[in-house]
Amino acid sequence: MRPRSRFDDELEDLNIKLIEMGALAQEAISDSVKALLTNRPELAKSVIANDRNIDELEKVIEQKCLKLLMLQQPVARDLRVISTALKMITDLERIGDQAADIADLTLRFNDQEQLSFAKNISPMADIAKSMVKSCIEAYIKNDLDLATNTIKRDDEVDDLFDVVKEELIQTVTKDKDKADQAIDLMMIAKYLERIGDHAVNVCEWVIFYSTGLHKKTQIL
Amino acid sequence: MNNFKMESKDLHLHYGENHVLKGINLGVRPNEITALIGPSGCGKSTFLKTLNRMNDLVDNVKIEGEVYFDDINVYDSKIDVYLLRKRVGMVFQKPNPFPMSIYDNICYGPKLHGVVKSKFDEIVEKSLKGAALWEETKDRLKKSALSLSGGQQQRLCIARALAINPEVLLMDEPTSALDPISTIKIEDLMSDLRKKYTVVIVTHNMQQAARISDRTAFFLMGDMVEFDETEKIFSMPKDKKTEDYITGRFG
């Protein structure tokens, strides 16, 4: 038997659960954006219902990490694996929540016309979705270049957020009756912007795992 | 001039045919705890013993290279080995108190080195305090040292080493025969000792090395694979062999 094979099995199981949680978060944002852009209330409802699974998985992973810290007293790479997992799940859980929040607002839409108030929500949603996909992929493949490039894409989301805000100001200025709908769209834009930030956080933990550096500071 | 308290330069040691240390270059900084880790037979204890020439007693030993204590070459033929060992003291794996009273255990060294008897009371109190054993033994100093628990005996051995006022303290797995509470007491004691002395410790307990030492050297099959700040060794070791060993994937 190779040394520490039980611990290695536990770490592999942790990795699988983390990938599973990443896949669920990615699915949540993907479905939530689809429900928003193509007006599919049923899909929006399923995103809201499925958020429970992400929350559940967060708890399971958290518990597992704490147990491994207690029982195995990991150092070096082992310690980074576990601390990366502990930090990443917080961001993945938030991505799930915000996808559900977007789905919740989508259910309030009366018609597709509302989306035309802010045409740039659609590209913003696509980038946020693709950033989440990339951050999960960067984790799975331990791809530092992909992580670094994904972090850079956050500027695009932030810029689009300002554009959407401007679009919505124009809408409300022209027609005050549209204020309620415009505010819902503003919130959706804010959630998308936050999802971009969480994808950046995940990428930063992917970089930490290999280098011990977090935002260019050596923390382990 | 470097600021090492002790330093080995290209140190080789053979026991007969066995090449046990293969060119070790290691500098021990003053008032630090330097930990030596590695699997059994890697040479870490042998290295420790070269620092105060305890290997001289072994048959068939051949030593090449240099060991410096401040600017004194330890292996210089003119060196008074007893004086060296007074300044570079040692504590062993198993507590080895002499079969005499606690008081006499402490005075044994000073007596050999010609310290006058009137100083003994003071030395005993100071040494036992230094080894965090005074409170437990001050009312029974004339009792046999063998009546102490294992952990107390080991602290007595540390006190005995302190009694001759060394500058460096070598410790060869000082807690491996002790229970967890005694181990923690010795570890706490070591952080205090660091303020006055320079400590080099061999330990099989990696968590212990991580907890107490400032720098850690990893030995493997007679080579020193890596030597760095303890935090670096246990977070981002440079050599894969070090990483495999500290994460328990060696072998």
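In chain A, residues 24 or more positions apart account for 80% of the contacts with a separation of 6 or more, two residues being in contact if their C-beta atoms, placed from the backbone, lie within 7 Å. This is a predicted model, in which local features need pLDDT of at least 70 and side-chain atom pairs count only at pLDDT 80 or more, while totals for chains, interfaces and linings use all residues. Residues are numbered from 1 along each chain as its sequence is written, and chains are lettered from A and ligands numbered from 1 in the order in which they are written.

**The two chains**

Chain A has six helices and two strands, arranged along the sequence as α-α-α-α-α-α-β-β. Helices (H or I, at least four residues) and strands (E, at least two) are DSSP runs, numbered from the N terminus. Chain B has ten helices and ten strands. The radius of gyration of chain B is 18 Å, close to the 18 Å that the globule rule gives for 251 residues, so chain B is as compact as a globular protein of that length. That radius is taken over C-alpha atoms, and the globule rule is 2.2 Å times the number of residues to the power 0.38. Among contacts in chain B between residues at least 6 apart in sequence, 67% join residues at least 24 apart.

A residue is buried if 20 or more other C-beta atoms lie within 10 Å of its own, exposed if 12 or fewer, and partly exposed in between.

Between the chains, nine residues of chain A are in contact with 13 residues of chain B. The side of chain A that touches chain B has four nonpolar, two polar and three charged residues. Here Ala, Val, Leu, Ile, Met, Phe, Trp, Tyr, Cys and Pro count as nonpolar, Asp, Glu, Lys and Arg as charged, and the others, Gly among them, as polar.

**Nonpolar cores**

A nonpolar core is a set of buried Ala, Val, Leu, Ile, Met, Phe, Trp, Tyr and Cys residues joined through C-beta atoms within 7 Å. The largest has 69 residues, and B:Leu169 and B:Ala159 are among those with the most contacts inside it. Helix H6 of chain B gives this core its largest share, seven residues. A second, separate core of 61 residues includes A:Met21, A:Tyr139, A:Tyr191 and A:Cys203.

**Helices H3 and H6 of chain B**

The axes of H3(B) (residues 102–112) and H6(B) (residues 150–163) come within 7 Å and cross at roughly 30 degrees. Axes are lines fitted to C-alpha atoms, for helices over the stretch in contact, and angles run from 0 to 180 degrees between N-to-C directions. Residues making the contact include B:Ile102 and B:Ile106 of H3(B) and B:Leu156 and B:Ala159 of H6(B). The contact residues divide into seven nonpolar, two polar and one charged. Buried residues of H3(B), among them B:Ile102 and B:Cys107, pack against H4 (120–130), H5 (134–137) and H6 of chain B.

**A:Phe208**

A:Phe208 belongs to helix H6 (residues 179–211) of chain A. A:Phe208 is buried, with 22 other C-beta atoms within 10 Å.
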